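Subject: Structure handover and findings

Hello,

My notes follow below it.

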There are 6 protein chains.
Amino acid sequence: MNDTLIEDGRVALGLWVKLPLVESIEIAAASRYDFVVIDLEHSTINTERAAQQIAMARALRILPLVRLPLAARSDVGRLLDAGAAGIVFPHIDSVAEAVEAVRLCRFPPMGERGVGPTSRAGGWGLMDLGEYLAPGAGQPYVIAQIETAHAVSVAAEIGNTEGVDGLLIGRTDLTVSMGRQAGPDGVDRLVATYEAAAGSGIALGTAVGNSEGVDLRLYAKGYRFVVVSNDVSLLALAATTSASSARSRLHRD
Amino acid sequence: MNDTLIEDGRVALGLWVKLPLVESIEIAAASRYDFVVIDLEHSTINTERAAQQIAMARALRILPLVRLPLAARSDVGRLLDAGAAGIVFPHIDSVAEAVEAVRLCRFPPMGERGVGPTSRAGGWGLMDLGEYLAPGAGQPYVIAQIETAHAVSVAAEIGNTEGVDGLLIGRTDLTVSMGRQAGPDGVDRLVATYEAAAGSGIALGTAVGNSEGVDLRLYAKGYRFVVVSNDVSLLALAATTSASSARSRLHRD
Amino acid sequence: MNDTLIEDGRVALGLWVKLPLVESIEIAAASRYDFVVIDLEHSTINTERAAQQIAMARALRILPLVRLPLAARSDVGRLLDAGAAGIVFPHIDSVAEAVEAVRLCRFPPMGERGVGPTSRAGGWGLMDLGEYLAPGAGQPYVIAQIETAHAVSVAAEIGNTEGVDGLLIGRTDLTVSMGRQAGPDGVDRLVATYEAAAGSGIALGTAVGNSEGVDLRLYAKGYRFVVVSNDVSLLALAATTSASSARSRLHRD
Amino acid sequence: MNDTLIEDGRVALGLWVKLPLVESIEIAAASRYDFVVIDLEHSTINTERAAQQIAMARALRILPLVRLPLAARSDVGRLLDAGAAGIVFPHIDSVAEAVEAVRLCRFPPMGERGVGPTSRAGGWGLMDLGEYLAPGAGQPYVIAQIETAHAVSVAAEIGNTEGVDGLLIGRTDLTVSMGRQAGPDGVDRLVATYEAAAGSGIALGTAVGNSEGVDLRLYAKGYRFVVVSNDVSLLALAATTSASSARSRLHRD
Amino acid sequence: MNDTLIEDGRVALGLWVKLPLVESIEIAAASRYDFVVIDLEHSTINTERAAQQIAMARALRILPLVRLPLAARSDVGRLLDAGAAGIVFPHIDSVAEAVEAVRLCRFPPMGERGVGPTSRAGGWGLMDLGEYLAPGAGQPYVIAQIETAHAVSVAAEIGNTEGVDGLLIGRTDLTVSMGRQAGPDGVDRLVATYEAAAGSGIALGTAVGNSEGVDLRLYAKGYRFVVVSNDVSLLALAATTSASSARSRLHRD
Amino acid sequence: MNDTLIEDGRVALGLWVKLPLVESIEIAAASRYDFVVIDLEHSTINTERAAQQIAMARALRILPLVRLPLAARSDVGRLLDAGAAGIVFPHIDSVAEAVEAVRLCRFPPMGERGVGPTSRAGGWGLMDLGEYLAPGAGQPYVIAQIETAHAVSVAAEIGNTEGVDGLLIGRTDLTVSMGRQAGPDGVDRLVATYEAAAGSGIALGTAVGNSEGVDLRLYAKGYRFVVVSNDVSLLALAATTSASSARSRLHRD
Ligand SMILES: [Mg+2]
Ligand SMILES: [Mg+2]
Ligand SMILES: [Mg+2]
Ligand SMILES: [Mg+2]
Ligand SMILES: [Mg+2]
Ligand SMILES: [Mg+2]
């Protein structure tokens, strides 16, 4: 395994985690995903559970990111204390919001993250404080999610905000936020604009519903990470498919 | 059962849920309440538990509302994703706050609710996206709670805000927020003002401590839903009553 | 409050606890029950939850008993370690079973309870071992439940088994186990036989569905404790009653 | 849906549930399985969780069975109280064990199941006692699992034990218990013997790893229910497949 | 025990609680701490768990404070409803923030805390409303945490804000927020400024990593409460020390 | 780390785990214990929690043993399925009990452990069945606990039972089970008899209350593993010590 999300030479592969289960982390690690994104925007996983999932991911050496809205700002520090390797902030629409996201994730003087060394991230207080506070490789990733046409138009500025490590786009969010009448072409144009941000060295990410949405040209376009499906949809689709296959085999005439 | 909260011809009957139990939902359904309000303002029920309660309510076809303050805005989408049929927003004191409440509950372009189709509300990702996004009967109810004298004075405007489906008043909150010296008469005058809002077609709701607070004139006054007591107070009162009755029967002289 | 279940001059009043809630304990204490019986025979409360309930009962100084079948013998010691004040053993049909029940609850040489002083009961290991092991007032109550006609016929022997502190009868269990065709008279005769056991100084207990089943003659008949209703039935009945009352007040014509 | 497990004209389709999630039940219901078997033999699901899963299954009208070893006999009544529609008993090797299984599931006079009407199964005490106790359609299914060569040899007797509703065989268990050197032929012979039991009107069941193990001749052979895969294996396989597919699409050369 | 945090003649002794355990509360009470601070800023304890811890602390008569950031404002009322004796607000940097903190903790007309009498704090609705609302001894403590050089410079004003009961300083936070280059001397000067606030009658508090940081001159300097270490660091240090001691005794040469 | 409990050249160091926390496992791993024993005899940790602790221990490569009485036999397979590296069976008093313990832990033909390859231990069903079933290094340790004078007298026979990997003695248990009047000398004699079993190549283990009970002569006497203290006692002692130290420093005169 690898402790880094973003690196030259590969597109890191991730899984959204939406079920309140440590087993989802264990299965992601066994399936050799590079990272998970524990979703606290679009699931009801609570903070204690997320902390258990983060702990398991660290133990199994799969990178645990957490998705948290800016509006849940008081949870950012809690989950970084719990050992999250980074935060995915949804709906970052401006540089000001990106700056705020960074501020929540960095210790003073770069930011305003509270100091909590008695947590998992600080070795329960046994780690040297300097090590806990040290910037660098271990510092949390800050990923800004681009979900509106306006956000796409300032994606490069958001991506170049000091402390932002990468961007994440999702076609579905974008499609809906544009008003669906804009059509696939409109979304294609937005995606192209988004991808242009890679020109200034910004690491791009994307999320797709299944592996067919993945493509070997992603790397060349500047993508360095991709989230493919999520635990509960994989389970639901597999269960439905198995049931209908079994049923048709039982009742074939 | 009935999937609607507000309809002509009846006053829907609800129960506050304050205990971290799915049994409270099962008992409410068995007791033939029309809806429950899972209270995340004045209980400590967490998001995972609320999601289980919502799931159970949907399964048993009793309407699950959730009470959430605007300050907990990041949880609104999570609980709608989990299948809540609507949100009761406490302390809505102005049209601006009502607009914000609606914005959190409606998808673009009407609002800014994030798109989370891989949740229970979206059939874990197996439902057609259009169906998940469709406005109409299935869209979440937005109920604005009126708790101050000032809020009463603008109750009609709040109730007529586009996207607001109904209002909810409670005498206790109002009494305390007025300063209790205002007395019952002051509260009665406020309630009358509140009820006047029904004139412009706004659905009214109220909450009372027990069934004696319910009255067959409610419908004529414009009330379409009433919340009567809550699980933990019902349990506490029943236990106390049973104990003192038993004790007096044991020790009668 | 009082740390004893059985004492001259009163009939102690208890509540079955069937909900996985510490609130049930708090409410029982506030309602001034003398004891609770946390039911691990006819609910699905698990061991961790029961331990929290026991801890809360001890903190609030209401006596926590636990009901556990002999077949769950490996949990007896765990819940005594957790601080249970006694065990109610259902379906004790013979002296041999009563002896086994005692054996599980007493340390050597009287019994074979394992030594677990690092538990709540042992002050997490900080209490003096002698104090933890000391027989006497603090030792767990052993209550044998009499639920069949045969068990009634040997109730006096069961109650006089060394280490058995009291008996508990329930009409419902007895009625069903007799075959219901035996009728109320048959059950009355069994109850009379049961009550005769009080003649040899055995403390009797009973369980009734509600306070109307309680009666000031109980003490004279030898009863020293009575369990009246349970948390979930109190809640369900209160909710149903409130709903139907409210509904009739809303729709009275 | 259908409240019966075993009926003429179909092979009922089930799913093992091994994850501590109500979502597994919801997904099974949405996928239109006829029943689930909540596995308390080969998972660590605890009693509170199993009860939540049972409650959800009942609410969604999918039949909840629970697998419990005879050695966990004290949990049988608890989970029937919680609303389980039946128990699958693993490793029933003799008629005596089958009789014991039935005894745990039937009220007196047919068996010795304890009376617990204040549970979900008894409507929290609000249901009429006679209804709660009534034998007939609603009474729990007793399924005996056949897992050794010896058990196969007495399968017909086990299946004809009064109160046993069906049998369940699994090739894997059988293969391992025979000693794997017996080979596929040995197992085939055992399966044939097992299927011969259908001749005396016994309902047969089987469990297979995936839908390819299902076959339209099952009905004719006497099978009336089949369990196909389980939640955690479906999730693990889907996650692994998705990851390796995505990875190959990212790195194809 | 004593229901007050701040009183003449003593420095109250507290423990941070960071583990999701009621046992931490029980152990703190047994160890005769005067108060606990359940930390919802730097742990992942969720609201249901915090409520259980608060309930246990009240039952054992040890004072339960909760640390909650202003950004988690919607949880303040929930945990006061659950029975918290006060809130520690981290990062109070201005009088305006102090005023906001008070506003969240006081009922109208002094503040805007919502009325939730059906909670533990209101006796589940059985307590007289006037008693629930009464200001005075029972009203929640508001403690403002001073964590930046700027906050120190206005500490006296913050401490004298109406409704603020005390201040809390921590050297670590201060050191990091100053930029660590300021050195111990810089921090010492800040601490001296902080202590000067005691001159206007403000109750001071501090937090230290272990008992060696405690000193009998604290009282004279104006300190009335001190938090010494936390559950998880105590456990981690004890486990590490025990392991290394045991290992050295096993392998001494 | 090392996957083996028993090996030449060292005395493995372990910690009892009694708190329902994954943090206890993380701290044990960080403190470099070789193994943990998750105690399901003298704590109330439930099966789901134990499974999470086992999973964390495996992830962090610290060996997870579980203590389970023979009377809890139906949980042995569940926790081995969950990934336990071995079972410590308390109160093994005879060879027959030792044989039974082995039988529960070994697959056919050596034993009667049920086949559960869809569990963690079987890679959720993705592992090759042969690998799951393979005897050898990975097979669970069976440790028999010697707790009575009689058991000591047959300790060598128990230790030489095929499939038993080691013995565990504890002075406290022994002292109490003898009747405490036997005195330290009596216990010393029993310990000497126990240690004599090492002569026939049996791996010995012991449990002590703290590191002072550990001694470099253990290895020579045949001990290969020692359990030193437990999580909750370490926490309780550290909290008490810290409080009394702080208090004396605050109030020194
Ligand atoms: Mg989005
Ligand atoms: Mg209110
Ligand atoms: Mg009974
Ligand atoms: Mg099997
Ligand atoms: Mg701080
Ligand atoms: Mg022992």
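Which side chain meets that of A:R67 in a salt bridge? The partner is A:D39, with 2.8 Å from N to O. Before going further, please keep in mind that this is a predicted model.

Salt bridges within chains

In chain D, the side chain of D:D39 forms a salt bridge with that of D:K18, at 2.9 Å from N to O. Here D:D39 belongs to strand β2 (residues 35-39) of chain D, while D:K18 is in the loop between β1 (12-17) and α1 of chain D, so the parts tied together are 21 residues apart in sequence. D:D39 and D:K18 are both buried.

Chain E gives a case with other accessibilities. E:R171 and E:D188 are joined by a salt bridge of 2.9 Å, N to O. It runs between helix α8 (residues 171-178) of chain E, which holds E:R171, and helix α9 (residues 183-196) of chain E, which holds E:D188, so it ties together parts that are 17 residues apart in sequence. Are these two residues buried or partly exposed? E:R171 counts as partly exposed because its relative accessibility is 40%, and E:D188 is also partly exposed, at 38%.

There is also a network: A:E7, A:R10, A:D34 and D:R247 are joined by salt bridges that share partners. Over all chains, the structure holds 102 salt bridges.

Chain D against chain A

One link of that kind is the salt bridge between the side chains of A:D34 and D:R247, at 3.5 Å from N to O. The rule finds two salt bridges across the interface of chain D and chain A, along with 18 residue pairs in polar contact, both residues at pLDDT 80 or more. On the chain D side, α1 (23-30), β8 (223-230) and α11 (231-251) each supply at least two of the residues that touch chain A. The most come from α11(D), which gives 16 residues. By class, this side of chain D has 21 nonpolar, seven polar and nine charged residues.

In terms of extent, 37 residues of chain D are in contact with 37 residues of chain A. The two chains bury about 3,400 Å² between them, with 66% of it on carbon and sulfur atoms. D:L235, D:R249 and D:L250 supply 18% of the area that chain D buries against chain A, more than any other three residues.

Chain F against chain A

For this pair, twelve residues of chain F contact twelve residues of chain A. The area buried between them is about 1,000 Å², and carbon and sulfur atoms give 63% of it. F:Q52, F:A59 and F:W124 supply 41% of what chain F buries against chain A, more than any other three residues.

Four salt bridges cross the interface of chain F and chain A by the rule. One of them pairs the side chains of F:R120 and A:E26, at 2.6 Å from N to O. Two residue pairs are in polar contact across this interface, both residues at pLDDT 80 or more. The elements of chain F that give two or more residues to the side touching chain A are α1 (23-30) and α2 (47-59). The largest share, five residues, comes from α2(F). This side of chain F divides into seven nonpolar, one polar and four charged residues.

Magnesium sites

What are the protein donors of the magnesium ion listed as ligand 2? They are B:E147 (OE) and B:D173 (OD), lying 2.1 to 2.3 Å from the ion. B:E147 is in the loop between β5 (141-146) and α6 (149-153) of chain B and B:D173 is in helix α8 (residues 171-178) of chain B, 26 residues apart. B:E147 counts as buried because its relative accessibility is 1%, and B:D173 counts as buried at 15%.

The magnesium ion listed as ligand 6 is coordinated by F:E147 (OE) and F:D173 (OD), at 2.1 to 2.3 Å. F:E147 lies in the loop between β5 (141-146) and α6 (149-153) of chain F, and F:D173 in helix α8 (residues 171-178) of chain F, 26 residues apart. F:E147 is buried at 1% relative accessibility, and F:D173 is buried at 16%.

Regards

Key:
Residues numbered from 1 in each chain as written. Chains lettered and ligands numbered in written order. Predicted model: local features only at pLDDT ≥ 70, side-chain atom pairs only at ≥ 80, totals over all residues. Heavy atoms only, no water. Contact = heavy atoms within 4.5 Å. Buried area = accessible area lost by both parts, 1.4 Å probe. Polar contact = N/O pair within 3.5 Å; in protein donor to acceptor, adjacent residues only side chain to side chain. Helix = DSSP H or I, 4+ residues; strand = E, 2+ residues; numbered from the N terminus. Nonpolar A, V, L, I, M, F, W, Y, C, P; charged D, E, K, R; others polar. Donors = N, O, S within 2.8 Å, 3.2 Å for Na, K, Ca; no water. Buried < 20%, exposed > 50% of the residue type's maximum accessible area, 1.4 Å probe, protein only.
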